[in-house]
Each structure stands twice: as C-alpha cells, then as structure tokens.
Amino acid sequence: MWGHNHDMKSFRKQLVADLESPPQVRRVGSGWLSGFFAIVLAIAGFCFVAALRWQMSFATPELDPLHGWTGFRVLVHAILLLAYALSLASLLLRPRKAMGATALVIVLAATILGGANVQPRESHDWGIFFGLDFFAVNMIATGLMFAPIERIFPHLRQQRLFRPEWSEDLFYYLISSMLVQVITFLALAPSGYVNAHTSWLGELRAAVSSLPWLVQFALAMVLTDLAQYWFHRLFHTIPFLWGFHAVHHSAKSMDWLAGARMHFIEIVALRGVTSLPLLTFGFLPSVMQAYVALVYIYSSLVHANLRGDFNRLGRFVVVPRFHHWHHAIEKEGYDKNFAIHFPVIDRIFGTHYFPDNAWPKGYGVEEDVPRGYLAQLRYPFVRKAQ
Ligand SMILES: [Zn+2]
Ligand SMILES: [Zn+2]
C-alpha cells in the first residue's frame, strides 16, 4: 500500500517540475501550452459540472443566473471538449506526459459525474456550500486579466507565472474562493449585531443611501480604507496578531497570486472590520457589491509583478510599487504603507514611504515562516516571540 502513496507523490513532483520547466522546453509546439490550457479548462469544467450536480453544496447562489442561462451547459460542454482535445495534443507533442495525463484524468472525472448534461443529485441541503463554480470563474477571470499584463509589463522580467511557491498561493486562492460563503457569513456576523443595536443611526443611514451612487462608492472606499488601515497597523504592532499577518508577508515573490496568501482568521477578521462601516452607515447593496468586486481585483493588482514607477499618480492612489514597499525586506519599508487605496492615510498617520523611482530589492520577513497551507494555519499558535 505504501507504494501507492509514493507514486502519487512522485507524480505530483513530475507535474510541478513540468509546469515549472524552463522556457526552452516549453516553446510553441512542445506541448506545454496545450498541456497548461488543458489543465486550466479541465479544472474549470470539472468545477462547473460539480456545481451543477450538487448545487446545494458546490454552487454559489450569486451565480444562479449563470447556471440558469441556456447556453451555460453548451459552454461547459465546449470547455470539456476543448480540454480533452488539448490534453491529447499535449500527450502527443510532449515527451513528459504529466500535464496531459492530469488534464485527461480531470476531464474523465467530469464526464463520469455526468458531463455537461449532469442532472442535479442532491436530496439534502447542508446550509453551507463550497463555491467551486466561483473558484473556476474567479481563477479564469483574474488569470486572464493579470497573467498577460504581467507578461507584457513586468517589473521583474525573469519572474515566471510558475515561480517558487506558486502552488501554495494557488491553494490559498482555491480555499478563499471555495469558502466564500463561510467567510462572508463569519465576516458579516458582527455587522448584524451592530445593526440591531444601532437603530438610532436610522436617519444617518437614510441620508447615506440617498446620496448619488458614485459619491456613496467613493465614501465607501475611504471609510473601508480607514478601517483597514488601523486593522492592518494593529496586525503589525501586536506580536500575537503579527503571527497571523506574517503569513501574508512570507511571500518571497510578488505577483497577482501572492495577494491570496492570507491566514484564514485574518481574512475573516479583515472582511468583518471593513464591512462594518459599509453596513452600519446604510450604503446601497449595489455599492457594497461593486466595492467587494473592486477590492478583489485591486488586491491582486497591488501585489502584481507590474512595472511603472508612478511617482505622481502614486501619491493619490495606491499603485503596485507602493504596496511592494510594504512587503520589502529593506528596513525602510517596515511598518510603512498600510493603506490599500489612498496613500494620504499613511501621510496623515506618519507611515508613508514612497521614494521616487526606487523598488525594494526583495520581499519577505526576517523570521522563518514554514511552507505549506496547514503549517501556516498553525503558525500563529506555535510561533515563538522573536
Ligand atoms: Zn502588512
Ligand atoms: Zn500585501
């Protein structure tokens, strides 16, 4: 039996090595691109099929209109077919078979579940779900948005999509997308309590919700960034809280995926703190939804491996170089640039650092944060104060 586990491990190693292979062995015609896109499409197709089959457990209610759309099953079918064709192409073209084989197995698994014609199979409702469909939509949309622009306008040209520790960060991405409902529920719990006990704010809420949409949106950005600033600064100041936040700072490469690395408890607390002002002051739901979407994209953007000094623009809005300094290994960047939208907040509270044209030499923390999701989940509780 031990041999089975061993084989799985070495297969995983082969797959990772193949994904990370140097540019010479992944040029056009080498079967690398077809293998890569076969895997991405196979995973997306599998997630959609699972979401259609077990809607209660794996589908995100906000994506209901997507599932109900008549073209959706045709689209899922096309995704699976394309993944199948690409995996065959990769298997034919490429001497190393790990990528093609992985994609093929995932496509087959999706087909066994019922493929695009899958019928709902579920008699119970857990009341909790894991948004597999949200992960698929999110991964493809953000990947399509950021992977090409990081390639065209890179800050560090030699850094690749499959840089060190990419699989850890992708796993963080998977967990936070899949647990989107759990995270939202936990994060909104305190807001419900606050709302129930602050009925005297009724007039203020009515006034806020009658403001023009754009004014509400701008106000929401300022208020949440203020809340986020002090939350973030506290996590840098109090040693026990730093144990959680050190996980986010342990990323040694900065790109759109690196922003996903965040301790589960910090995500929940952060969402709770930033949604408090939004709910308490009665912003329109559409303002809150737009804000959540913006924050999702914006946090990928500020971590992205994108060049551009933006000496002037960076005074008014947070640009990648501003947040890169927050992650710097240089002492000058320590405990600076806590804001995520407006650098002026750092100016007001004396934590602003944005020297013209300069970039950090590297990213990370001084302490040894262990590798891997579970070890990092435990880290704040086993970490020795340094
Ligand atoms: Zn920080
Ligand atoms: Zn960050």
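The following conversation goes through some features of a predicted model.

Q: Before we start, what kind of model is this, and how are things numbered?
A: It is a predicted model, in which local features need pLDDT of at least 70, side-chain atom pairs count only at pLDDT 80 or more, and totals for chains, interfaces and linings use all residues. Residues are numbered from 1 along each chain as its sequence is written, and chains are lettered from A and ligands numbered from 1 in the order in which they are written.

Q: What domains does the chain have?
A: The domain assignment gives domain 1 (2–129) and domain 2 (180–382). Such bounds come from an automatic or database domain assignment.

Q: And how far apart are the centres of domain 1 and domain 2?
A: Their C-alpha centres lie 32 Å apart.

Q: Let us turn to helices. How do H2 and H5 pack?
A: Helices here are DSSP runs (H or I, at least four residues), numbered from the N terminus. Helix H2 (residues 32–53) and helix H5 (residues 71–93) pack at an angle of about 150 degrees, with their axes 8 Å apart. The axes are lines fitted to C-alpha atoms over the stretch in contact, and angles run from 0 to 180 degrees between N-to-C directions.

Q: Which word describes the direction of H2 and H5 to each other?
A: H2 and H5 are therefore roughly antiparallel. Angles over 145 degrees count as roughly antiparallel, under 35 as roughly parallel, 65 to 115 as roughly perpendicular, and the rest as oblique.

Q: Is the crossing of H2 and H5 left-handed or right-handed?
A: The crossing of H2 and H5 is left-handed. A crossing is left-handed if the near helix is turned anticlockwise from the far one by less than a right angle, and right-handed if clockwise.

Q: Which residues make that contact?
A: The residues include Phe37, Leu41 and Phe48 of H2, and Ile79, Leu82 and Leu86 of H5. By class, the contact of H2 with H5 has 15 nonpolar, five polar and no charged residues. Ala, Val, Leu, Ile, Met, Phe, Trp, Tyr, Cys and Pro count as nonpolar, Asp, Glu, Lys and Arg as charged, and the others, Gly among them, as polar. Two residues are in contact if their C-beta atoms, placed from the backbone, lie within 7 Å.

Q: How do H5 and H6 cross?
A: The axes of H5 and helix H6 (residues 98–112) come within 8 Å and cross at roughly 150 degrees. That makes H5 roughly antiparallel to H6, and their crossing is left-handed. Among the residues that meet are Leu80, Tyr84 and Leu91 in H5 and Met99, Leu104 and Val107 in H6. This contact has eleven nonpolar, three polar and no charged residues.

Q: Now H11 and H14: at what angle do they cross?
A: The axes of helix H11 (residues 213–237) and helix H14 (residues 285–303) cross at roughly 55 degrees and come within 10 Å. H11 and H14 are therefore oblique to each other, and the crossing is right-handed. Trp213, Gln216, Phe217, Ala220, Met221 and Thr224 in H11 meet Val287, Ala290 and Tyr291 in H14. Seven of these residues are nonpolar, two are polar and none is charged.

Q: What about Met288?
A: Met288 is found in helix H14. With 17 C-beta neighbours inside 10 Å, Met288 counts as partly exposed. A residue is buried if 20 or more other C-beta atoms, placed from the backbone, lie within 10 Å of its own, exposed if 12 or fewer, and partly exposed in between. Not counting residues up to four places away in sequence, Met288 touches Leu278 and Phe283.

Q: Why is H12 described as largely enclosed?
A: Eight of the eleven residues of helix H12 (residues 239–249) are buried, so H12 is largely enclosed by the rest of the structure. Among the buried residues are Trp242, Phe244 and His248. The buried residues of H12 pack against H11, helix H13 (264–280) and helix H17 (373–382).

Q: Last topic: what is the phi of Glu165 and of Asn337?
A: Phi of Glu165 is near 70 degrees, a positive value in a residue other than glycine. Asn337 has a positive phi of about 55 degrees and is not a glycine either. Most residues other than glycine have a negative phi.

Q: Where are they, and are they buried or partly exposed?
A: Glu165 is in the loop between helix H7 (132–152) and helix H8 (166–178), and is partly exposed, with 16 other C-beta atoms within 10 Å. Asn337 lies in the loop between helix H15 (320–326) and helix H16 (344–348), and is buried, with 24 other C-beta atoms within 10 Å.

Terms used:
Helix = DSSP H or I, 4+ residues; strand = E, 2+ residues; numbered from the N terminus.
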